[in-house]
Amino acid sequence: MEGPRTPPSTQPSITPDTVPRGRNTSQPSYRTGDLNLGKTAVIRDLDRIAVVPLDYFNTAVLPPLHPQIELADIESSLYDTGVLSLDTDRWAAFPVDPEADSSHEDVVFGRLSGIFDAIVQAAANATGTAAKLNFKQKPATAPTSERTNTSRPDAYLLLVNQKSVGGHAKRSVDCWDDIAVSLEFKKRNGESEGERADNEKKLIWSLHHVMRSDPCRRSTLGVTIENTQMRLWFTCRSVLVVSEPFNFITSTKQMIRLFCSLALAEDHELGWDPTIQRVLVDGRIQYDISLQSPAESISVYRTTRIISDFGAEALRGRGTRVFEAYLKVHPERNTPENNTRVVIKDSWRECDRKREDEIRTEIFSDLEKAKGTEAAEADMKYFLTVLQASDVTVDGKKDRTDQLLHYLPLPVDCGWHTISPSLSLSRTRHTSSVGCPPSYNSPRHAPKPLKISHRTHSRIVFKEVCTPLFELRNLDDVFETLGDGLQGLRILHSINWVHRDISPGNILRIDDQGKISDLEYVKKMGSEYSHEVRTGTLDFMACEVEAQQYLFKPLAAREPFKNYEVESSSEEDSDEDVEDAASGKAYGGALGPPPEILFTFNPLHDLESLWWIQAWVLHFYVDRDGRERSAEQIVAYERLFPGILLRGTDPLRLPLNYRALPKGFRKPAYAVEQMRRELVTTFVVSELSLPPKYHSRLDDLTAVFAEGFKNATTASKNTKLFEPTKRKLEEDEEERPKKRSKT
């Protein structure tokens, strides 16, 4: 198969690559729907929580006070009305600390409602502005939402002018769509008894549920109280922070400041996004999403369904949601031309990253320089077509997470708080996301992030409404689509770009054409552009990318870093080298080269990700409806996908076990095995010296993959794909022993 050739080797400066970070909310334990397992996954993804001074929280996080609010005046009026006790200088409703009060916890903290009402009434008298929030305490009732969630906050601050629609708008049961602040209470502050940790886990789950289930949220707030100690919480797509505790009974001005700033705030100051509105269409909830053009005109798209929202599961991250939609309002036409479906991608990229459409433009420019305009346009058929793109603007400012913190950096001396996750199961359920490839491996614990990465909110409209590879149900379609994905990678590699995030969710099919999507992590090789952490499912990452080191270096050839000279090694490889590579004698295993070698992503890693996708398809699915996986198939799957970080090269270097696969998958598996052998050989030979010298073998490997996909497509005609029966999957989750790392 003819195609663009890889350019000659250049020797740019080496920049450390972006470190991959697993995400527990993408793993099967979270998607079981068990509430405790869900909380555990969310907490594991957080790792650490920034503890900030109360003054910082007041200034950076809380909405600004109304200019007519004078805290001393409101405090004085509360003394006059008896809400504050002149004798004790504390709230009259709390004559003793909650721990010493014999009343039930719900009764004790229910008194906060009266304090809230008194404060906001005094604020309304001073400003002439009615409160926009109500204090609600319904500890026995779970608020409703589109996604099932049986957790119950002890109390919450609820919008007076509700944003919920349809059946969720009934006031008999409140809705998460209208909750501005979640609250959790405990009468005691006993660390040993776990009161504080229990409060934290419940509160974090409430914050998580708001951010994952409501596309209209940019951030949200929470409050925990243990005895007299109140802490304030805030989360957005970059950071979760908690204030240092204060005594809510005696720190009366702080309580007045808190309730006044919240109750009189505008909706966008409480975390709502005014550029996306929830609407009811034919009894179903949809969203009107606005995009602003460079000329500042507004287009409005109405969604018809959510294609994917699993990217919104983690509290910190891109928060990606993908919608099918149509153009409802166009700034230059009274009515749009038709209801042609498009795709809208809403996400939060790192502030120093380019938007996906900008990256696509750079790729086209490089192709145009290398091949001419006509050939470059033909090559772009392997990528999605961008119709419109813009960064989101809220209140006249670009919507960024640092803007949500009023551009104030975290204090240099802020503390860090960790929470130990619970591993027990729950009888309560929650609904997981959509658009995530199925799996049944164990969750992976992620390394701690090293810094706060602020993010910019953006939206992109794509022309094509595609089907992701993991939703295809004809095996020949899968291999044919992977073949087109290979062509897209070949085009990128020909101009020295790498994708770095190939997975079954971003290899797409429309009609008979495969396409590559998600260009956020695409990078020009040799670029000094790098990031500290990136998130994502690790199943389809190359082994070396997981480990962030070269793993195929022969043990006998390890020299100090100073001896790795590109000029001193030959591109010509001996027959013995190739033979040892194919037999596995030359592997360096998971130990890798000396630590001085800086690891960088190269095109071989993109191709390895393609291999992992087809291996996953063959080992995850079955070829008949209602069929359970065999014991051999389970073992073979777990060998390839052991559910651990840093799995090493062992799963890749061992031959496929054809007998473990369903009969309909065995013939195409021969082609997959041939690709594996050639991939491993290329890795080993390329790493006979470092940095790897893959250039002379990349085109040959790509040709082997192209021929392999062609043969696999032919061999899998009329073969259907079915997910294994659910009962068997659940049994295996309970019965399967934990796997240990083979590194």
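Contact here means heavy atoms within 4.5 Å. The model is predicted: local features need pLDDT of at least 70, side-chain atom pairs count only at pLDDT 80 or more, and totals for chains, interfaces and linings use all residues. Residues are numbered from 1 along each chain as its sequence is written, and side-chain values use heavy atoms, leaving out hydrogens and water.

**View 1. Phe248 and the largest nonpolar core.** Setting aside neighbours within four places in sequence, Phe248 touches Trp91, Phe94, Pro98, Phe109, Leu112, Ile225, Asn227, Thr228, Met230 and Met255. Phe248 belongs to the largest nonpolar core, of 75 residues. A nonpolar core is a set of buried Ala, Val, Leu, Ile, Met, Phe, Trp, Tyr and Cys residues joined through side-chain atoms within 4.5 Å. Buried means under 20% relative accessible area, exposed over 50%, and partly exposed in between (1.4 Å probe, protein chains only). Trp91, Leu112 and Phe248 have the most contacts inside this core. Helix H6 (residues 112–127) supplies its largest share, eight residues. Helices (H or I, at least four residues) and strands (E, at least two) are DSSP runs, numbered from the N terminus. A second, separate core has 64 residues, including Ile516 and Tyr621.

**View 2. An open sheet of seven strands.** The order is E10-E11-E12-E13-E14-E19-E15, with antiparallel pairing. Two strands pair if DSSP finds at least two bridges between them. E10 (276–281) and E15 (386–391) each have a single partner strand, so one side of each lacks a neighbour in the sheet. Twist averages 35 degrees from one strand to the next. Six bridges join E10 to E11 (residues 284–292). Leu280 has Ile285 of E11 as its bridge partner.

**View 3. Helices H18 and H19.** The axes of H18 (residues 663–686) and H19 (residues 695–715) come within 8 Å and cross at roughly 170 degrees. Axes are lines fitted to C-alpha atoms, for helices over the stretch in contact, with angles from 0 to 180 degrees between N-to-C directions. The two helices, H18 and H19, are therefore roughly antiparallel, a term for angles over 145 degrees. Among the contact residues are Met675 and Leu679 of H18, and Leu701 and Phe705 of H19. The loop between H18 and H19 holds Pro691. A cis peptide bond joins Leu690 and Pro691, with omega about 0 degrees.

**View 4. Asp89, a residue with positive phi.** Asp89 is not a glycine, yet its phi is about 55 degrees. Asp89 lies in the loop between helix H4 (71–80) and helix H5 (105–110). Its relative accessible area is 43%, so Asp89 is partly exposed.

Note on methods: Parallel < 35°, antiparallel > 145°, perpendicular 65-115°, else oblique.
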